[in-house]
Amino acid sequence: LRSSQQKLKRHIESTPLAAMEFDLSFKIVSWNPAAEKIFSHSRNNAIGKHVRTLVPADEWQQIYNEWTSLLERKTSSVNSFRNVDSTGKEIYCTWYSTPLFDQNGEAIGIATLAEDITEKKRAEAALIESQKNLTAIFEAIDVAVIAIDDDLEIVMFNKAGETIFGYETQEIIGHDLAILFPEKMAHKAISNIVNFSQSSQT
């Protein structure tokens, strides 16, 4: 048993996830090195502090509701919250929380692993912003821009395409590209497009 406890302790001390324990008043009773790094609170400074130290004021109620429900359900939960470090800088973490019980089945606290997902959130926000900019350019350009999939079905169609070809985007999406050409020209036009696409990939 002692050997198992030592292995678990070493794992907690070395994991890149913030490993924390809270008592029933949601005050910190355990704090590993990763928690020190993520939240920039030393162990000595963190122990005894309330979980509200780690979250913006407007997030506290959500955590309170989730943890209260978690203790009642006696099940684990996964949630992402906005957090703050010791300097007040906002970070984002995914919290993996599990209720703790004594030998009599009485709740004694909550164990939590927190993963810092700040950079992931920033990358997602940057990607969304980039997609918005590309969409704006796509819609504003005054030439028809059409995208097709491997089956030559139309998957993107901009406003200039609507004007030139007379189709609404919603009605043209999913149709074969050949719909945009006169029947007599369709086969040759599609062949040229396919040949051009294949040659540009080599």
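**Exercises on charged and polar side chains**

In this predicted model, the side chains of Glu119 and Arg122 meet in a salt bridge, 2.9 Å from N to O.

**Exercise 1.** Find where Glu119 and Arg122 sit in the chain, and decide how exposed each one is.

Solution. Step one: both residues belong to helix α5 (residues 118-140). Step two: they are 3 residues apart, so about one helical turn separates them. Step three: Glu119 has a relative accessible area of 55% and is therefore exposed, because exposed means over 50%. Arg122, at 45%, is partly exposed.

**Exercise 2.** Locate the partners of the salt bridge between Arg43 and Glu13.

Solution. Step one: the closest N and O atoms of this pair are 3.2 Å apart. Step two: Arg43 is in helix α3 (residues 43-46) and Glu13 in helix α1 (residues 2-14), so distant parts of the chain, 30 residues apart, are linked. Step three: Arg43 is partly exposed at 32%, and Glu13 is partly exposed at 31%.

**Exercise 3.** Describe the salt bridge of Arg82 with Glu59 and the network around it.

Solution. Step one: the closest N and O atoms of Arg82 and Glu59 are 3.4 Å apart. Step two: Arg82 lies in strand β3 (residues 77-84) and Glu59 in helix α4 (residues 57-73), so the pair ties together parts 23 residues apart in sequence. Step three: Glu59 is buried, at 9% relative accessibility. Step four: a network of salt bridges links Asp58, Glu59, Arg82 and Glu90.

**Exercise 4.** Is Thr112 buried or exposed, and which side chain does it contact?

Solution. Step one: Thr112 is in strand β5 (residues 107-116). Step two: its relative accessibility is 3%, so Thr112 counts as buried. Step three: its side chain makes a polar contact of 3.2 Å with that of Ser97.

Note on methods. Residues are numbered from 1 along each chain as its sequence is written. This is a predicted model: local features need pLDDT of at least 70, side-chain atom pairs count only at pLDDT 80 or more; totals for chains, interfaces and linings use all residues. Side-chain values use heavy atoms; hydrogens and water are left out. Helices (H or I, at least four residues) and strands (E, at least two) are DSSP runs, numbered from the N terminus. Buried means under 20% relative accessible area, exposed over 50%, partly exposed in between (1.4 Å probe, protein chains only). A polar contact is a pair of N or O atoms within 3.5 Å; within protein, one must be able to donate a hydrogen and the other to accept it, and residues adjacent in sequence count only if both atoms are side-chain atoms. A salt bridge is a side-chain nitrogen of Lys or Arg within 4 Å of a carboxyl oxygen of Asp or Glu.
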